[in-house]
Amino acid sequence: QVQLVESGGGSVQAGGSLRLSCATFGLVAQEYCLAWWRQAPGKEREGVATIDMDGGDPRVADSVKDRFTISLDNAKNTLYLQMNSLKHEDTAVYYCAVDVSEYCYRYHLTRTSAYNYWGQGTQVTVSS
């Protein structure tokens with residue numbers, strides 16, 4: 001059984017930084033794509049970043065480009081999202097997700113339906 005457990009959320013002032021972690025359990029697929037998504041109140045869930053199971057092909061959404069970095073430590077079975085220069089509009093619940101059927105493609109940043117498993121989410125609040 002695959003489980004994803006996020007941590008690292010919190011409250012920070014605009015311009016600050018946070019690092020989110022997602023501990024993964026039970027991932028034994030031959031190919032998989034890991035991702036971070038977020039959902040602000042009253043808005044649809046938005047793809048933030050994706051990365052292949054071997055740490056390759058990291059991609060970030062245009063809205064967070066040059067501020068957020070996705071990375072993977074397979075030795076620790078943990079996915080990370082480093083968030084710098086945070087803005088008020090980054091306030092959201094952040095989720096990690098995994099598609100256990102294939103490596104990441106561009107649509108993994110836009111289709112929630114591509115993912116098999118989701119974490120419970122961690123709240124990030126940025127005050128202006």
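**From an exposed glycine to the aromatic cluster**

Leaving aside residues up to four places away in sequence, Gly15 touches Ser85 and Leu86. The model is a predicted one. Gly15 sits in the loop between strand E2 (10–13) and strand E3 (18–25). With a relative accessibility of 52%, Gly15 counts as exposed, because the cut-off for exposed is over 50%.

The relative accessibility of Tyr115 is 7%, so Tyr115 counts as buried.

Tyr115 belongs to the part examined here. One aromatic cluster is formed by Trp37, Tyr95, Tyr115 and Trp118. The search of the whole structure finds five aromatic pairs. One of them is Trp37 with Tyr115, an edge-to-face pair with 5.9 Å centre to centre and 80° between the planes. This pair links distant parts of the chain, 78 residues apart: Trp37 is in strand E4 (residues 33–39), and Tyr115 is in the loop between strand E9 (92–99) and strand E10 (117–118). Trp37 and Tyr115 are both buried. Tyr115 also pairs with Trp118: the ring centres are 5.6 Å apart and the planes are at 65°, so this pair is edge-to-face as well. Trp118 itself is partly exposed, at a relative accessible area of 26%.

Charged side chains also meet aromatic rings. Arg45 lies over the face of Trp118, 4.8 Å from the ring centre. Elsewhere, Arg111 has its charged end over the ring of Tyr107, at 4.4 Å from the centre of that ring.

In E5, the residue opposite Trp37 is Gly47. The pairing of E4 with E5 is antiparallel and runs over six bridges. These two strands form a hairpin with six residues between them, and Gly42 in the turn has a positive phi of about 75°. Strand E5 (residues 46–52) is mostly covered, with six of its seven residues buried. E5 is also joined by two bridges to strand E6 (residues 59–60), and the two run antiparallel. Ala49 has Val60 as its bridge partner in E6. E5 and E6 likewise form a hairpin with six residues between them; here Gly55 in the turn has a positive phi of about 85°.

The last topic is the nonpolar packing. The largest nonpolar core has 30 residues, and those with the most contacts inside it are Trp36, Leu79, Leu81, Met83 and Tyr94. At least two residues of this core come from each of E3, E4, E5, strand E7 (68–73), strand E8 (78–83), E9 and strand E11 (122–127). E9 gives the largest share, four residues. Not counting residues up to four places away in sequence, the contacts of Tyr94 include Trp36, Leu81 and Met83, and also Trp37 of the aromatic cluster. Among the other residues that Tyr94 touches are Glu6, Leu20, Arg38, Val48, Phe68 and Val124.

Methods:
Residues numbered from 1 in each chain as written. Predicted model: local features only at pLDDT ≥ 70, side-chain atom pairs only at ≥ 80, totals over all residues. Heavy atoms only, no water. Phe/Tyr/Trp six-rings, centres within 6.5 Å; stacked < 30°, edge-to-face > 60°. Buried < 20%, exposed > 50% of the residue type's maximum accessible area, 1.4 Å probe, protein only. Lys NZ or Arg CZ within 6 Å of the ring centre and 35° of its normal. Contact = heavy atoms within 4.5 Å. Pairing = 2+ DSSP bridges. Core = buried A, V, L, I, M, F, W, Y, C linked by side-chain atoms within 4.5 Å.
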